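Here's a quick tour of one model, written for someone who likes to know the cut-offs. Have the viewer open as you read.

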Amino acid sequence: MAWPIESGRMNASDPLALLAVAIEEARTGQAEGGVPIGAALFTLEGTLLGKGHNRRVQDDDPAMHAETSAFRDAGRRPHYRDTVMVTTLSPCWYCSGLVRQFGIGHVLIGEASTFSGGHEWLAEHGVNITIVDDPGCIAMMTTFIDENPRLWYEDIGEVTDIADRPC
């Protein structure tokens, strides 16, 4: 389900241009051997504050999700109400909690068909949600999941026969 960007709520002229930054981060993460999820934090006017990608594998850090990486890269601010978190994939509960904790007012999502995290919960709590359903984001994740099911299930915290198999 997609919620449109409300007039006056996000002045960035091209949401796909914002998403392109997150997609590039996802590709970087995948090239490093990690999970291809990217994110970026922008002001409502479209100024890039920070960007990052899932670095759980590269850093051996289970907390280094794409949204966390972008948030850290953006640095400290007095508040985040005037920001947009852009992510290639529906944010998991951990990253949804980050959005709520710091009052990020809008989340732009590349796709939510391969994984649907906490974006509906965020919408219920007043966060503006836009789902693009970008075919490139869907293809990137579908291919990754098919080729790396063990790593994928580890990343989303699901225990399965696949996740329990040795590498």
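L151 is buried, with a relative accessible area of 16% (buried is under 20% relative accessible area, exposed over 50% and partly exposed in between, using a 1.4 Å probe and protein chains only). This is a predicted model, where local features need pLDDT of at least 70, side-chain atom pairs count only at pLDDT 80 or more, and totals for chains, interfaces and linings use all residues. Residues are numbered from 1 along each chain as its sequence is written, and side-chain values use heavy atoms, with hydrogens and water left out.

L151 sits in helix α7 (helices are DSSP runs of H or I with at least four residues, strands are runs of E with at least two, and both are numbered from the N terminus). Leaving aside neighbours within four places in sequence, L151 is in contact with G33, V35, V57 and F144, contact being heavy atoms within 4.5 Å. L151 and V57 are 94 residues apart in sequence, yet their C-alpha atoms are 8.8 Å apart in space.

## The cavity

Rolling a probe the size of a water molecule over the atoms shows where empty space is left. The rule used here takes a 1 Å grid over the protein atoms alone and calls a cavity a set of points where a 1.4 Å probe fits but cannot get out; lining residues have an atom within 4 Å of a point. Grid points are joined across faces, edges and corners, and the volume is the space filled by probe spheres set on the points.

How many cavities of 30 Å³ or more does that give? The count comes to one, and the largest cavity holds about 100 Å³ of space. Its lining has 13 residues, with I37, H65, L89, C92 and D155 nearest the centre. The elements giving two or more residues to that lining are α3 (66-74) and α7 (149-155). By type, the lining splits into eight nonpolar, three polar and two charged residues (Ala, Val, Leu, Ile, Met, Phe, Trp, Tyr, Cys and Pro count as nonpolar, Asp, Glu, Lys and Arg as charged, and the others, Gly among them, as polar).

## Helix α4, two sides

In α4 (residues 93-101), C95, S96, L98 and V99 are buried. They cover an arc of only 150° around the axis, so they fall on the same side of α4; the arc is that of the directions from the helix axis to the C-beta atoms. On the other side of α4, W93 and Q101 are exposed.

What covers the buried residues of α4? The cover includes α3, β3 (83-87), β4 (106-109) and α5 (119-124). Just after α4, G103 takes a positive phi of about 70°.

S90 is found in the loop between β3 and α4, and is buried with a relative accessible area of 2%. The side chains of S90 and H119 are joined by a polar contact of 2.7 Å (a pair of N or O atoms within 3.5 Å; within protein, one must be able to donate a hydrogen and the other to accept it, and residues adjacent in sequence count only if both atoms are side-chain atoms). Not counting residues up to four places away in sequence, S90 touches I109, E111, A112, F115, S116, G117, G118 and H119.

## Two positive phi values

Most residues other than glycine have a negative phi. D60, in the loop between α2 (56-59) and α3, has a positive phi near 55° and is exposed, at 69% relative accessible area. D133 has a phi near 55° too; D133 lies in the loop between β5 (128-131) and α6 (135-147) and is partly exposed, at 43%.

Methods: 1 Å grid on protein atoms, 1.4 Å probe; cavity = no way out; pocket = protein on both sides within 12 Å on 5 of 7 lines; lining within 4 Å.
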